[in-house]
Amino acid sequence: LMIEYSTVSKIGTRLINEDTIKVLNKNNNFVFTVCDGLGGHKMGDTASRIVADCFESYFKRSENLSENLILEMFDFAQETLLYRKNALHIKNEMCSTAVALTIAGENVYSGYIGDSRLYAFENGVFKDRTRDHSLAQLLFEQGEISESEINRHFDRNKLIRVMGIPWEKPMYTVLPSVKLKNNQAYLLCTDGFWEWLSVEEMQGALQKSDSARKWLSLMTETVERNCGLNPMDNYSAIAVINR
């Protein structure tokens with residue numbers, strides 16, 4: 001099996017890019033990470049970088065590439081972020097979302113917190129996506145708005161769970177592991193990317209693409225076209241295809 005990937009991270013119309021993305025490869029085991037620092041909470045760029053760096057350092061020194069790796073990476077990043085906030089006497093700032101995908105041996109593991117998403121495709125067809133930890137997602141699940149309305153809803157950025165807020169029990173979600181097989185594709189992305197892109201557009205771009213680079217390039221063009229002259233958040237994504 002061959003894993004191929006492509007990445008993009010752009011500033012949009014903001015003053016700084018508060019997204020951080022990382023691709024790590026150790027002996028053909030991968031960790032893909034996308035983090036989005038909360039702009040309303042200043043120092044979002046610092047927070048997203050700390051989380052992504054923690055995932056990297058934990059993965060590099062970890063011998064155990066099982067489902068527990070996701071749990072341990074999130075726990076380690078949360079502890080580090082809170083420690084750094086304490087040292088700086090910061091209470092409300094420095095928070096981040098995170099979504100991570102690990103390919104280790106025969107298995108695919110993933111976890112997330114906030115509204116950075118993971119979309120899964122198989123044989124060119126959309127399979128599933130993560131459920132945001134946001135007010136808009138709750139409204140959809142309660143039947144008050146449609147799924148497509150989440151993308152433009154004024155509460156879509158009101159997050160219920162993020163890294164950097166103290167918790168009594170873990171607030172991130174770890175998804176059931178999946179066996180690695182041919183023709184799987186994954187998209188990890190921040191809200192600045194998915195809010196301008198429908199699942200149909202993602203799937204259509206995948207079906208037209210012979211590589212991860214082409215798939216991501218087509219999606220990024222669509223994001224930029226759909227956004228038009230609207231103010232644009234930072235937008236970042238990693239496209240992963242398993243041939």
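## A loop residue

Asp210 is located in the loop that connects α6 (199-207) and α7 (212-227). The model described here is a predicted one. With a relative accessible area of 61%, Asp210 is exposed. Its C-alpha atom is separated by 9.9 Å from that of Arg243, a residue 33 residues away along the chain.

Strand β9 (residues 184-189) is mostly covered, and 6 of its 6 residues are buried. In a regular strand, side chains alternate between the two faces of the sheet. In β9, Gln184, Tyr186 and Leu188 point one way, while Ala185, Leu187 and Cys189 point the other way. The residues of both sets are buried.

Strand β9 pairs with two strands. Strand β6 (residues 117-122) runs antiparallel to β9 and is joined to it by 6 bridges; strand β10 (residues 235-242) is likewise antiparallel to β9, with 6 bridges. Tyr186 takes part in both pairings: Ala120 has Tyr186 as its bridge partner in β9, and Tyr186 stands opposite Val240 in β10.

The model contains 10 aromatic pairs. In one of them, the ring centres of Tyr5 and Phe32 are 5.6 Å apart and the planes lie at 65°, so the pair is edge-to-face. Because Tyr5 belongs to strand β1 (residues 3-10) and Phe32 to strand β3 (residues 29-37), this pair ties together parts that are 27 residues apart in sequence. Tyr5 is partly exposed at 40% relative accessibility, whereas Phe32 is buried at 0%.

Phe121 and Phe126 also form an edge-to-face pair, with 5.7 Å from centre to centre and 65° between the planes. Phe121 is buried, its relative accessible area being 1%, and Phe126 is partly exposed at 27%. Elsewhere, ring pairs link Phe55, Phe74, Trp167 and Tyr172 into a cluster. Charged ends also sit over rings: that of Lys26 is 5.0 Å from the ring centre of Phe59, and that of Arg117 is 3.4 Å from the ring centre of Trp194.

## Salt bridges

Side chains of opposite charge can pair when their charged atoms come close. The structure holds 11 salt bridges. One of them joins Lys10 and Glu224, whose closest N and O atoms are 3.1 Å apart. Lys10 lies in strand β1 and Glu224 in helix α7, so this contact ties together parts that are 214 residues apart in sequence. Both partners are partly exposed, Lys10 at 35% and Glu224 at 31%.

Lys22 and Asp53 meet in a salt bridge with an N to O distance of 3.1 Å. This pair links distant parts of the chain, with Lys22 in strand β2 (residues 19-26) and Asp53 in helix α1 (residues 44-61), 31 residues apart. Lys22 counts as buried because its relative accessible area, 18%, is under the 20% cut-off; Asp53 is partly exposed at 34%. Arg129 and Glu147 form a further salt bridge, at 2.8 Å from N to O. Arg129 is in strand β7 (residues 125-129) and Glu147 in helix α4 (residues 147-150), 18 residues apart. Arg129 is buried at 6%, and Glu147 is partly exposed at 37%. Salt bridges with shared partners also join Lys22, Asp53, Glu56 and Lys60 into one network.

## A nonpolar surface patch

Leu135, Leu138 and Ile160 form a nonpolar patch on the surface, and together they have about 230 Å² of accessible area. Leu135 is placed in helix α3 (residues 135-141) and is partly exposed, at 33% relative accessibility.

Notes: Residues are numbered from 1 along each chain as its sequence is written. This is a predicted model: local features need pLDDT of at least 70, side-chain atom pairs count only at pLDDT 80 or more; totals for chains, interfaces and linings use all residues. Side-chain values use heavy atoms; hydrogens and water are left out. Patches are made of residues with over 30% relative accessible area and no salt bridge: like charges are joined within 9 Å, nonpolar side chains (Val, Leu, Ile, Met, Phe, Trp, Tyr) within 5 Å. Accessible areas come from the Shrake-Rupley method with a 1.4 Å probe; for residues, only the protein chains shown count as cover. A salt bridge is a side-chain nitrogen of Lys or Arg within 4 Å of a carboxyl oxygen of Asp or Glu. Helices (H or I, at least four residues) and strands (E, at least two) are DSSP runs, numbered from the N terminus. Buried means under 20% relative accessible area, exposed over 50%, partly exposed in between (1.4 Å probe, protein chains only). Two strands pair if DSSP finds at least two bridges between them. Rings of Phe, Tyr and Trp (its six-membered ring) pair if their centres lie within 6.5 Å; planes under 30 degrees apart count as stacked, over 60 as edge-to-face and the rest as tilted. A charge sits over a ring if NZ of Lys or CZ of Arg is within 6 Å of the ring centre and within 35 degrees of the ring normal.
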